[in-house]
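Dear colleague,

I am passing the structure below to you, with notes on what came out of going through it. Please read them beside the coordinates.

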Amino acid sequence: IVNELEHQKQVLRETQTAEIFESRKGLATMLYQLTEKTKPGDERLFFSMNVAHKNKEIQDFFKETISAKEQAKKLAVKGLASKGFEPLFKTRSYIKMKYTNLPFPSNVTICNDKVCFIAWDDIPVGYLIHSRQIAQIFKEFFNAVWELS
């Protein structure tokens with residue numbers, strides 16, 4: 001019983017927050033916050049973005065914004081993308097990619113206990129959720145699709 005009470009006490013102490021970021025600069029800030037407290041070997045998992053006419057622009061943004069930081073921090077980065085997206089990721093060799101025709105939610109990134117969603121339009125918007133429970137659900141889904149791909 002003591003162990004269960006300690007666990008419940010820990011769960012109650014964990015904070016859950018959500019923030020909204022607008023513009024490319026706002027997304028850069030969101031991605032910084034997503035990975036700021038990571039350690040070497042921590043994972044960043046992502047379901048690739050797919051906004052038909054903006055996919056190259058989106059990948060260029062990620063290369064400029066987060067690639068060097070991830071490599072410097074020695075994060076383990078894994079991504080899932082639709083088949084046919086191979087050319088967009090071939091220059092980012094530090095990312096382990098799998099390509100699939102399985103359905104998955106696009107524009108989602110998971111890192112430790114944070115999940116972000118991005119809506120890429122003329123003015124992109126990002127949603128950063130800090131929740132161990134939500135992050136765990138998305139990690140399990142990512143890993144299931146990864147294994148099937």
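In these notes a residue is called buried under 20% relative accessible area, exposed over 50%, and partly exposed in between, with a 1.4 Å probe and protein chains only. This is a predicted model, in which local features need pLDDT of at least 70 and side-chain atom pairs count only at pLDDT 80 or more, while totals for chains, interfaces and linings use all residues. Residues are numbered from 1 along each chain as its sequence is written, and side-chain values use heavy atoms, with hydrogens and water left out. Helices (H or I, at least four residues) and strands (E, at least two) are DSSP runs, numbered from the N terminus.

Salt bridges come first. With a salt bridge taken as a side-chain nitrogen of Lys or Arg within 4 Å of a carboxyl oxygen of Asp or Glu, the count comes to six. In one of them Arg24 pairs with Glu57, and the closest N and O atoms are 3.4 Å apart. This pair links distant parts of the chain, since Arg24 belongs to helix H2 (residues 23–35) and Glu57 to helix H3 (residues 55–73), 33 residues apart. Both partners are partly exposed, Arg24 at 34% relative accessibility and Glu57 with a relative accessible area of 35%.

Another salt bridge joins the side chains of Lys78 and Glu43 (4.0 Å, N to O). Here too distant parts of the chain are linked, with Lys78 in strand S3 (residues 76–82) and Glu43 in strand S2 (residues 43–47), 35 residues apart. Lys78 is buried, with a relative accessible area of 15%, whereas Glu43 is partly exposed at 34%.

Within helix H3, Asp60 and Lys63 lie three residues apart, about one turn of the helix, and they form a salt bridge whose closest N and O atoms are 3.9 Å apart. Asp60 is partly exposed at 24% relative accessible area, as is Lys63 at 32%. Lys56, Asp60 and Lys63 are linked in a network of salt bridges.

Turning to the interior, a nonpolar core is a set of buried Ala, Val, Leu, Ile, Met, Phe, Trp, Tyr and Cys residues joined through side-chain atoms within 4.5 Å. The largest such core has 16 residues, and those with the most contacts inside it are Met30, Leu31, Phe62, Ile118 and Trp120. H2, H3 and strand S6 (114–119) each supply at least two residues of this core. With contact meaning heavy atoms within 4.5 Å, Phe62 touches Leu31, Met49, Ser67, Arg92 and Ile118, if residues up to four places away in sequence are not counted. A second, separate core of 12 residues includes Leu45, Leu80, Phe104 and Ile110.

The buried residues of H2 are Gly26, Leu27, Met30, Leu31, Gln33, Leu34 and Thr35, and among the elements that cover them are S1, S2, H3, strand S5 (108–111), S6 and S7.

Finally, the strands, where two count as paired if DSSP finds at least two bridges between them. Strand S1 (residues 17–22) and strand S7 (residues 125–130) pair in the antiparallel sense over six bridges, with Glu19 opposite Leu128 in S7. S6 and S7 also run antiparallel, joined by six bridges, and form a hairpin with five residues between them; in this pairing Cys116 has Leu128 of S7 as its bridge partner.

With best regards
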